Amino acid sequence: MLSTYTYPTFSSPRAPELEDAPGQLRRHPVVVVGAGPVGLSAAIDLAQRGLPVLLLDDDDTVSVGSRGLCYAKRTLEVLDRLGCGQPVVDKGVTWNVGRTFLDTKEVFHFDLLPEAGHERPGMVNLQQYYLEEFLVKRAQALPGLALRWKHKVTAVAPAGDGATLTVQTADGEFRLQADWLVVADGARSPIRRMLGLDIEGKVFQDRFLIADVVMKADFPAERWFWFDPPFHPGQSVLLHREADNVWRIDFQLGWDADPEAEKRPEKVIPRIQAMLGPEREFALEWVSVYTFQCRRMKRFRHGRVLFVGDAAHQVSPFGARGANSGIQDVDNLGWKLHLVIDGRAPEALLDSYDAERTVAADENILNSTRSTDFITPKTAMSRRFRNAVLEMARDFPFARALVNSGRLSVATHLDDSPLNTPDADAGDDAFAGWMAPGAPLDDAPVRVGGRDGWLLRQIDGFTLLCFGPTGVDGAELADVPVPLRRLRVRPAGSAGSTAPTAQTIQTAPTTPPTCPATPAGAGPATATFAPTEVEDVQGLVARRLDGRPGTVYLIRPDQHVVARWRRADAPALRAALARALGHPSGDPAPATAP
Amino acid sequence: MAFEHLHTQPHLGIPGRRPLRAYTPGDTFYEMLIAAHDGLDDEASQRLNARLVLLLSNHIGDLRVLREAFAAARQGL
């Protein structure tokens with residue numbers, strides 16, 4: 001039992017399927033298995049798009065222990081779209097700076113968000129149970145989302161048109177059919193095992209102790225990492241602040257440590273006292289000893305079964321790339337699955353989920369493996385190099401750049417995605433900056449409809465971002481297969497608007513409407529073609545996107561750039577949109593035999 | 001200690017390529033360095049290091065750089 005948190009207990013009524021006639025199977029367009037942060041996010045995303053979603057979980061409460069702690073800027077932006085970003089930021093501890101110490105001296109520090117003009121910070125620390133609680137609350141508010149607790153999937157039989165699931169409840173067992181199955185049942189993934197699918201990678205031979213302690217302390221809200229501190233010689237220690245005056249201390253123990261003995265208070269408390277000094281009062285909140293692996297499934301899509309989060313890939317904790325990458329999986333999958341189910345895009349679009357997110361998983365595994373290899377050297381020579389880097393870091397900037405105590409989660413750039421339309425050769429007009437096709441769109445402050453807001457808040461579907469007059473007439477795009485929002489970026493103060501003063505600034509709503517403006521299944525309404533004027537209040541939209549008069553960006557529903565032009569026309573836009581919807585030829589109609 | 005010829009700022013990368021993350025070239029180098037020692041016992045690793053110093057010194061060539069590098073490495077030993 002925690003002193004700072006009371007676990008909620010959820011319940012579901014007796015499953016209505018138990019009353020059905022024998023042999024009768026209810027059919028669901030989408031079933032999500034696993035109500036952790038990733039499964040909940042998936043269910044919310046799909047339900048917000050207008051799909052009826054069934055979410056099954058074998059437990060009846062939230063995460064036991066603080067577990068996933070650091071939520072990255074990109075995750076917060078996705079959570080904003082899901083209606084849960086603000087409670088996470090409000091309850092969590094915002095931080096941007098990390099410091100690395102050797103012994104007691106600082107050798108390196110980083111700032112995750114060195115520039116202003118983004119709504120969300122680099123990182124927010126929040127115990128996983130709070131995030132899950134906020135997501136459950138949001139899920140319960142969505143009429144199309146049915147959340148069933150204590151529903152354990154015990155068998156899965158995939159078929160060409162979906163999968164049949166056997167579900168066990170306290171009241172009995174039943175079967176149901178899912179047209180599409182999203183598997184978010186965690187690192188041990190029972191469904192992955194039931195289907196006999198492999199997950200390959202390596203286990204690291206080291207053990208770590210997490211101690212969450214409650215204490216009053218005035219340490220800054222920063223990530224502090226020690227190599228070889230006097231209070232824990234020869235090993236590493238990590239300190240993070242959590243909500244509710246809880247602090248996480250992570251001690252490297254080595255492979256030979258006895259995990260059961262190390263969890264006992266009489267072992268843990270002296271370790272913490274050695275670190276904090278004998279006078280500091282604290283209470284133990286939660287203790288856990290863990291090992292970890294870096295591995296992933298070969299493919300995340302198996303027909304109509306789609307794996308997301310830890311079920312599909314796992315990393316070491318250094319870099320906070322676990323839950324953060326799982327939520328990016330969901331961000332990537334939601335719009336694609338919706339369009340495929342809706343018949344607006346070919347099933348092949350879902351292969352791009354696999355292509356894009358396996359690349360992202362490899363990037364996360366690479367970075368977290370490199371951090372782990374630096375933190376826990378495997379050989380005497382490896383340790384000598386590591387120590388030489390740390391010794392030289394104080395005097396030499398090049399050595400500071402090599403200190404690797406974790407490279408923290410950032411959004412993956414989907415550079416090689418099959419959905420991208422590569423830049424045309426623009427000669428001297430080539431784009432500067434980082435917003436190439438595949439890039440997650442940078443945020444920037446904007447003013448829309450007389451209110452201050454943020455660029456990313458404007459994008460929840462396919463969006464054209466146009467700078468000044470462009471060669472694209474909205475009417476020419478009236479028959480595209482998906483709603484296409486147009487945003488026209490204009491410089492601050494232009495077109496007769498008055499510059500805002502501090503007194504007149506209104507803040508745009510920070511939570512999205514319950515449903516997107518364009519309901520699922522609706523045709524491309526004419527209204528979506530009236531461009532929305534976006535005032536580039538600080539000039540950062542134009543600067544970050546290298547926008548010049550005539551520049552057009554096509555943005556995906558998950559806020560990644562997918563194509564851009566210095567001069568656009570309707571045929572080029574149609575071709576890029578078709579490609580972004582999974583038609584590889586750029587032909588909006590799938591090729592059929594003559 | 002000030003150096004006239006030796007680079008002490010981060011200098012790893014591929015000429016003409018701009019890394020998305022500043023840490024990537026350094027981390028790639030470090031991984032290559034550790035991988036170069038894979039499977040060697042400590043004695044063999046020491047010999048590999050000696051050979052590396054010789055190869056890289058010859059590649060650098062400029063004796064002024066090498067003189068400063070040797071002095072920098074010697075600090076504190």
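Reader: Into which domains is chain B divided?
Author: This is a predicted model, in which local features need pLDDT of at least 70, side-chain atom pairs count only at pLDDT 80 or more, and totals for chains, interfaces and linings use all residues. Residues are numbered from 1 along each chain as its sequence is written, while chains are lettered from A and ligands numbered from 1 in the order in which they are written. The domain bounds come from an automatic or database domain assignment. For chain B they give domain 1 (10–39) and domain 2 (40–77).

Reader: How far apart do the C-alpha centres of domain 1 and domain 2 of chain B lie?
Author: The C-alpha trace of chain B spans about 35 × 35 × 25 Å along its principal axes. Between the C-alpha centres of domain 1 and domain 2 of chain B, the distance is 18 Å.

Reader: In what order do the elements of chain B run?
Author: Helices (H or I, at least four residues) and strands (E, at least two) are DSSP runs, numbered from the N terminus. Chain B has 3 helices and 0 strands. From the N terminus on, the order is therefore α-α-α.

Reader: What radius of gyration does chain B have?
Author: The radius of gyration is taken over C-alpha atoms, and the globule rule is 2.2 Å times the number of residues to the power 0.38. For 77 residues a compact globule would come near 11 Å. Chain B, however, has 15 Å.

Reader: What share of the residues in chain B is buried?
Author: A residue is buried if 20 or more other C-beta atoms lie within 10 Å of its own, exposed if 12 or fewer, and partly exposed in between, with C-beta atoms placed from the backbone. For the 77 residues in chain B, the buried share is 8%.

Reader: Why does the radius of gyration of chain A agree with that of a compact globule?
Author: The C-alpha atoms of chain A fill a box of roughly 70 × 70 × 50 Å along the principal axes, and 48% of its 594 residues count as buried. A compact globule of 594 residues would have a radius of gyration near 25 Å, and chain A agrees because its own value is 25 Å.

Reader: Which element gives the most to the side of chain B that touches chain A?
Author: Two residues are in contact if their C-beta atoms, placed from the backbone, lie within 7 Å. By that rule, 15 residues of chain B are in contact with 17 residues of chain A. The elements of chain B that give two or more residues to this side are α1 (24–36) and α2. With 6 residues, the element that gives the most is α1(B).

Reader: Which element of chain B do the buried residues of α10(A) pack against?
Author: Helix α10 (residues 380–393) of chain A has 14 residues, and M381(A), R386(A) and V389(A) are among its buried ones. In chain A, the elements that the buried residues pack against include β5 (97–102), α9 (349–375) and α11 (397–402). The element from chain B is α2 (42–60).

Reader: What ipTM does the predictor give the complex?
Author: Chain B averages a pLDDT of 96, with 100% of the residues at 70 or above. For the complex, the predictor gives a pTM of 0.92 and an ipTM of 0.98.

How values were computed:
Expected span 1.5 Å × (residues − 1). pLDDT = per-residue confidence, 0-100.
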